[in-house]
Amino acid sequence: MSLVVKDLTKRFGEKTAVDHLGFEMTAPGVFGLIGTNGAGKTTTIRMILGIMRPDAGSSEWNGRAINRDSLSFGYMPEERGIYGKVNVLEQLVYFGMLRKMSKADALASAMKWTDRLGVAEYRYMKADKLSKGNQQKVQLAATLIHDPQLIILDEPFSGLDPVNTELLRQVIGELIDAKKYIVMSSHQMTTVEEYCENIILMHRGKTVLDGNLREIKAGYGHTRLLVDTAEDTSAVAKRCGLALREKRADGVEYAVTGKAQADKFLAELTAEGIFPTHYELREPSLSEIFIEKTEGGE
Amino acid sequence: MKQIFSVFAFTFKNGARQKTFIITTVIILAIILVACSVPRVLLSFTGGNIEDIVTGKFYTCYYIDETGKLNGGELLLADKLTDTEFIVATPEDKDRIISDIASDAKTALILIANGEDGKPAITISAQDFLNRAAANSGDIASMLSKLYSTRVMEELGIGAEIIADAQRQIPCTVNTEGGLTPSGYAAGILLITLTFFAVYYYGYGVASSVASEKSSRVMETLIVSAKPSYILIGKCLGMGILGLCQFGGILIFTALCWKLLIPPDFTVMGTALSLTSFTPRSVFLIIVFFILGYTLYAMMNAVCGATIDKLDELNAAMMPVMLISMGSFYLSYFTAMMGTTYDYLVNLSMYIPFSAPFIMPFVLLNGEVAGWQILLSAGILVVTIVIVAAISIRIYNASVMHYGKRLKLTEAIKKRKSK
């Protein structure tokens with residue numbers, strides 16, 4: 001199975017919302033669509049799912065154009081939408097039946113997902129009586145009710161408290177284990193780093209970075225050095241040619257050119273009798289790459 | 001098809017559970033119950049005699065004859081205007097009575113004085129033209145003139161028999177060959193009004209349901225599950241069948257109340273109430289035209305709901321459809337008010353698809369309408385529905401996923417249909 005997106009382009013008047021975007025997903029897992037607000041993530045998703053017609057390009061699942069009939073996909077929109085005045089179970093069954101499930105199957109699946117997502121006690125309550133987080137879980141249940149092969153989650157973690165965030169993480173993990181294809185848009189980099197093997201970084205409709213996340217980060221090299229000491233290390237750092245990135249509560253972060261420069265710095269520190277309680281040489285985080293790329297594009 | 005049915009069932013079930021629907025239904029049934037109970041309630045106050053209701057004295061009319069030539073005229077008038085009490089007064093009372101009339105719409109004065117030619121002249125004083133005496137001034141003048149001529153002939157020594165013959169009212173019978181009956185006329189006008197309100201109410205229901213799904217973003221979940229056209233059709237069907245059930249329920253309840261509460265010999269202004277115009281054929285065709293009318297307006301209203309983002313914009317969005325339905329309603333209503341006299345107006349209303357659903361119930365209850373005319377009217381309506389539905393689905397497809405600046409109709413039509 002594969003999801004192939006080629007050259008997707010969408011213009012709204014003079015503005016190009018998505019500009020020749022393309023990617024492939026040839027194995028199950030999570031693909032990350034990353035970008036600032038207004039980057040074109042939602043428009044891209046709508047075009048992939050065929051609910052918005054692109055001005056150019058195509059999206060295919062197993063070589064066939066994606067539409068409601070050709071593929072059983074699940075879509076959780078960024079702006080959550082459920083019926084406030086209808087009880088939870090009833091609307092989940094309705095959404096299941098719209099996905100061509102029988103009433104009995106839809107009911108069984110709705111029961112399963114409300115259990116799994118911890119909203120079983122709200123099954124017979126009207127949705128507008130639920131907290132925002134629980135409404136979001138109902139929306140996720142509606143997305144997954146028909147056991148879709150391709151799942152599109154548009155900002156799934158936005159607005160969730162830590163407990164529900166953890167629950168959603170677990171559910172996404174289970175979906176990965178079940179060999180589902182998941183496309184997730186987010187601007188929460190920690191989440192993307194945790195799940196996504198491949199990403200596209202979008203900025204104002206353009207693709208500014210794409211590929212395998214590990215390879216992208218490896219390409220930047222180990223250029224971040226976090227050191228925590230009781231003593232001031234700035235003089236040694238200056239001597240070794242390290243640039244200060246930021247002072248944090250858990251230490252000082254320097255920009256280094258690579259492992260050799262970091263090793264030299266450590267040797268100088270110990271020679272002066274300064275022994276770090278924390279020493280970490282790492283690649284730049286996705287968040288840092290994201291900021292660098294998007295600010296560079298300003 | 002299964003998806004259409006799912007949308008239909010969901011819309012129907014939720015529509016029926018809405019408080020506004022339940023409250024509206026209860027209020028309408030209560031009004032019908034009260035209206036049908038009125039004759040019985042009145043009878044209970046009058047000791048069970050219907051005649052007492054009719055002969056109640058609701059007006060007062062003073063009678064002053066300054067000439068002395070028309071004394072006793074008040075008795076003749078009392079026979080004609082049975083709801084008016086006639087009181088003989090003297091010329092000295094005139095100013096006081098006129099003063100009373102200024103503050104009492106139910107009081108009037110008939111003053112007979114000598115005119116410039118020395119002959120009696122009648123002056124009727126009332127607060128306004130709607131007063132019973134003022135409204136019947138022609139009858140009053142005619143009766144008193146008859147009394148005057150009788151008196152003159154008596155003075156000339158003409159025999160009672162000759163006078164009676166001269167004054168004899170020539171019998172006049174009205175035979176109607178057409179199908180227009182008082183009950184059918186009243187029922188037809190009532191149905192025009194009911195159909196308009198039903199089409200408006202249920203059409204508004206469709207529009208607000210679509211707008212609510214769009215503003216609450218449920219639409220985005222729906223649209224990836226089913227084709228917009230299926231959602232539109234299922235929704236219109238759901239609201240339509242719900243409306244039909246409510247409409248049918250109200251009609252059945254009305255029939256039961258009629259049967260159980262209205263006394264069989266009850267009349268309104270001397271006309272017996274009758275449901276003979278309602279034949280199985282006319283009832284069937286009225287329902288068909290109701291369904292067609294509802295479908296036409298529901299499709300247009302759904303598009304109005306789809307073009308907006310916020311519910312408070314709904315009334316403005318519905319204005320064009322509202323103007324069409326109001327114009328069509330008034331065309332039908334005034335055509336019906338004039339009976340079937342103006343053929344060209346009836347034909348115009350019957351064959352304009354937007355007014356046909358309103359006028360057809362009236363035509364079906366009140367006249368000889370040929371089968372081909374009904375078929376032609378229904379055919380034009382069906383063709384219009386197909387065209388409007390095609391355009392509506394296209395606009396709906398373009399509009400449901402459009403947020404932000406309100407989509408103009410021309411833009412929506414131009415937008416390419418989504419997959």
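Helices here are DSSP runs of H or I with at least four residues, numbered from the N terminus. With that settled, here's a quick tour of what is a predicted model.

**Chain B overall**

- Chain B has 17 helices and six strands.
- Of the 419 residues in chain B, 33% count as buried.
- If you take the contacts in chain B between residues at least 6 apart in sequence, 75% of them link residues at least 24 apart.

**Where chain B meets chain A**

- On the chain B side, 21 residues are in contact, and they meet 23 residues of chain A.
- Two elements of chain B each put two or more residues into its side of this contact, namely α1 (2-17) and α10 (218-223).
- The top contributor on that side is α10(B), with six residues.
- Sorted by class, the chain B side comes out as eight nonpolar, seven polar and six charged residues.

**The α2(A) and α1(B) helix pair**

- Helix α2 (residues 88-98) of chain A pairs up with α1(B): their axes come within 9 Å and cross at roughly 160°.
- Angles over 145 degrees count as roughly antiparallel, so that's the label α2(A) gets relative to α1(B).
- As for handedness, α2(A) and α1(B) make a left-handed crossing.
- The residues that meet are A:Y94, A:M97 and A:L98 from α2(A), and B:Q3, B:S6 and B:F10 from α1(B).
- By class, the residues of this helix contact are four nonpolar, two polar and no charged.

**A:K137 in chain A**

- Is A:K137 buried or exposed? This lysine counts as buried, because it has 24 C-beta neighbours inside 10 Å and the cut-off for buried is 20 or more.
- Leaving out residues up to four places away in sequence, A:K137 touches A:L117, A:G118, A:V119 and A:N164.
- Take A:G118 from that list: A:G118 and A:K137 are 19 residues apart in sequence, while their C-alpha atoms are 8.3 Å apart in space.

Definitions and conventions: Residues numbered from 1 in each chain as written. Chains lettered and ligands numbered in written order. Predicted model: local features only at pLDDT ≥ 70, side-chain atom pairs only at ≥ 80, totals over all residues. Contact = placed C-beta atoms within 7 Å. Nonpolar A, V, L, I, M, F, W, Y, C, P; charged D, E, K, R; others polar. Buried ≥ 20, exposed ≤ 12 C-beta atoms within 10 Å, placed from the backbone. Axes fitted to C-alpha atoms, helices over the stretch in contact; angles between N-to-C directions. Parallel < 35°, antiparallel > 145°, perpendicular 65-115°, else oblique. Left-handed = near helix turned anticlockwise from the far one by under 90°.
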